[in-house]
Amino acid sequence: MKLLINGERRDSVSGKVFTVRNPATGDVVGEAPLGGEDDVRHAVEAAGEAFADWSAKNPRDRAKILFFAAEEVRRRNTELGSLLTAEQGKPIREAVDEINGFANILEYYYALSAGERGEYLNLRGYGRTLVRRRPLGICGAIIPWNMPAIIMGWKIGPALTAGNTLVLKPAGTAPLTCGKLAEILEGAGLPPGVLNVVTGPGETVGREIARNPGIRKVSFTGEVGTGRQVAMDAAPALKRLTLELGGSDPMIVCDDADIPMAVEGVIRGRFYNCGQTCTAVKRLYVYESIADEFIRRLTARVEGIVVGNGMERGVTMGPLNNQAGLERVVRQVDTARERGEGEIIAGGLAPRGENYEHGFFFLPTLIAGVPHDSVLFSEEVFGPVLPIATVTGLDEALERANDSRYGLGASVWTRSADVVVRATEELEAGIVWVNQHLRTPPEVPFGGTKESGIGRENGSRALDEYTEEKSVLIRL
Ligand code: NAD
């Protein structure tokens, strides 16, 4: 791929490239320009020049371009899904779902694009007052590798519909799908400079996006530590920030839960995308009275997960996306093992055999009887490993669930209305599910409390995050 700046496909200023490899096989999938600070500056210039015309367009005309792009994305979903699987690792079915999800998001913002949002007030003594919502200007978007297409959609959908221009940085290990999606948007009629894509390291490209004073807002998705750095880099220019950071979502399974349904909830909630989802089920609290049956059924299901290259038929879980991610999961499991923190009842290591030799594979893993102070509970486990603890009842479950620096998602599995009322009230999370987990339709605000982030993506109010109010008081 090339950088996309001002509608042109360019090499980076340095002329250097980096290689993108398939995490299942180690094969080269493609290469991307090794952008740097100067490339970001050029992109900011282009976005600045494009802003006046783009923000002056009728919102529906802007959103129509997103709508046409969505159609094209859907038409090419298998091709784009295959590219996503090749660079990211997820099974092709999940990848195609993600590509369709990107199209859904663009269509949703098209549906919201009727006109400039705002309010009209008639105030006695002050005249007619308009509270307009104006675009911010140039925005920056920094994307992780785990759900690159969806997260790109979460950022460009509201940002562009609201009339901003963008400089977007994809993740180093999965930039190619983002590049293709940007090309499709351009082909659908996005004017030059409205969406600029700069690939390269977080330390240079990412930091320049955070620091560059021409950028008025940064929307970042990634780890808590990186988010903190972005906030510090953005502080001198007092930029607006959306930070979608890590999570360690608890799932509480009560004694009246539909056990088979809850087991399926764990399978999808924890092992989808090889466990590399911000709102994956990362801590399981199950009532003592049903724990044996629940764990027995869950173990049988986990043993049926087929690990392999996501392009192969029948594979239900791919590799982790990168070496560092695999090493972190191995370190977390080994630490728990060495300290005797729970019993590994499934997985716990990398699969063996020639199919697995060149990939970042790890078996789906269950660890039961994990003590509350375990590293598996205190750190985000970004891979296919589920620590399980039993609880005596709802008081203990809620106390343990909330005892975390994270507050992204949480779920409770029960048939009791009383439990639903109390759990949805008391769980400290930006999104709480009942008898489901992980589902995040574009209509619903998404984001975290505590260290899981600042601000919300999705929903109609995401448009507010990409606009600011301008009050106009009129006396004639
Ligand atoms: P990461 O923080 O390592 O990287 C995210 C992006 O930031 C990448 O594009 C990276 O190149 C860039 N970056 C790195 N250093 C930077 C810096 N100093 N300044 C600016 N940009 C920099 O995260 P990751 O490993 O790609 O993603 C995994 C993490 O993302 C997990 O913690 C996961 O929970 C979180 N996540 C959160 C959400 C959410 O919506 N809350 C969604 C998906 C992933």
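Reader: How far from an oxygen atom of the ligand does a backbone N or O atom of E223 lie?
Author: This is a predicted model, in which local features need pLDDT of at least 70, side-chain atom pairs count only at pLDDT 80 or more, and totals for chains, interfaces and linings use all residues. Residues are numbered from 1 along each chain as its sequence is written, and side-chain values use heavy atoms, leaving out hydrogens and water. For the backbone N or O atom of E223, the separation from the ligand oxygen is 2.9 Å.

Reader: Which residue brings a polar side-chain atom to 3.0 Å from an oxygen atom of the ligand?
Author: G222 places a polar backbone atom 3.3 Å from a ligand oxygen. The side-chain atom at 3.0 Å from a ligand oxygen belongs to W145.

Reader: What share of the ligand's exposed area does the protein bury?
Author: Taken alone, the ligand exposes 850 Å² (Shrake-Rupley method, 1.4 Å probe). Of that area the protein buries 90%.

Reader: Which element gives the most residues to the shell around the ligand?
Author: The ligand is surrounded by 30 residues (a heavy atom within 4 Å). The elements giving two or more residues are α5 (148-161), α7 (202-211), β10 (215-221) and α8 (224-234). With 4 residues, the leading contributor is α7.

Reader: Between which domains does the ligand lie?
Author: The closest residues include T226 and E380. Both domains give residues to the shell, so the ligand lies between domain 1 (3-245 + 452-474) and domain 2 (249-441).

How values were computed. Polar contact = N/O pair within 3.5 Å; in protein donor to acceptor, adjacent residues only side chain to side chain. Domains from an automatic or database assignment.
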